Amino acid sequence: MLIPRRDAVALRFAELLRDLERSQPSDTETALRELTSNAAAALPGAVSASITVATREGEVKSVAATDSVADKIDDIQRRTKQGPCLEAAWEQHTMRIRNIETEQRWPVFCQETQQNTDIRSSLAFQLFRNRDAMGALNFYSDVADAFDDDAVELGLILATHTAVAWNLLVRDEQFRSALASRDLIGQAKGILMERFGVDAAGAFGLLRRLSQESNTPLVDLAEQVIESRPEETPPT
């Protein structure tokens, strides 16, 4: 029955989310790949899965995939500019292909998928959508009509938990990046204070003015200042 399995899956993914919050993994890519593998294992009929991110400029990237087959399907969508994952990411929350061989939508994508892979059905769920990009969680099966309505319901649960995990990982990565940027700017300020005999506020003002004049991000300019510091000559 779906209900016990659905509850068990929800509990399992809740545990994974708690683990993510506690452990704060430093490798976001590995954490996303593990989440995707767990999602694929939890959905009956799925043999592959991936998380696809698409930008408004038309770029398509697989940020986590269980195997090369999922990567290949994302590549087909990138080249053909069509497919269920892109539709789920940009237009709909859920997209299902019951049978690649008879599907009328996305004809070029379906033809290439049929010719180059064993995948015959798929499910795609929107994970997030913002001004610049959107993401989808995709499931694939080598059997036609592998995903019934119960599978769609269970997939929605998996997608919801994966979306929460995505937000946690991205937030943590942004926080680490902000800390690293702060450290770099602090080092650059110290160098400028020593070099020009100014205080911390003056050094930061100098960095900010140079950043604006050169149209260079502040953290990139800080790295340049650090790299330009002359190496200390060891005493003879």
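**Exercise 1.** Determine whether Arg 105 is buried, partly exposed or exposed, and identify its salt-bridge partner.

*Solution.* Arg 105 has a relative accessibility of 34% and therefore counts as partly exposed (buried means under 20% relative accessible area, exposed over 50%, partly exposed in between; 1.4 Å probe, protein chains only). Its partner is Glu 103, with the closest N and O atoms 2.7 Å apart; a salt bridge requires a side-chain nitrogen of Lys or Arg within 4 Å of a carboxyl oxygen of Asp or Glu. Glu 103, at 16%, counts as buried.

The model is predicted: local features need pLDDT of at least 70, side-chain atom pairs count only at pLDDT 80 or more, and totals for chains, interfaces and linings use all residues. Residues are numbered from 1 along each chain as its sequence is written, and side-chain values use heavy atoms, with hydrogens and water left out.

**Exercise 2.** Describe the salt bridge between Glu 101 and Arg 120.

*Solution.* The closest N and O atoms are 3.2 Å apart. Glu 101 is partly exposed at 48%, whereas Arg 120 is buried at 16%.

**Exercise 3.** Characterise the packing of helices H3 and H5.

*Solution.* First, H3 (residues 68-80) and H5 (residues 107-116) pack at about 145 degrees, with axes 10 Å apart. Axes are lines fitted to C-alpha atoms over the stretch in contact, and angles run from 0 to 180 degrees between N-to-C directions; helices are DSSP runs (H or I, at least four residues), numbered from the N terminus. Next, the contact (heavy atoms within 4.5 Å) includes Ile 73 and Ile 76 of H3 and Val 108 and Phe 109 of H5.

Terms used: Helix = DSSP H or I, 4+ residues; strand = E, 2+ residues; numbered from the N terminus.
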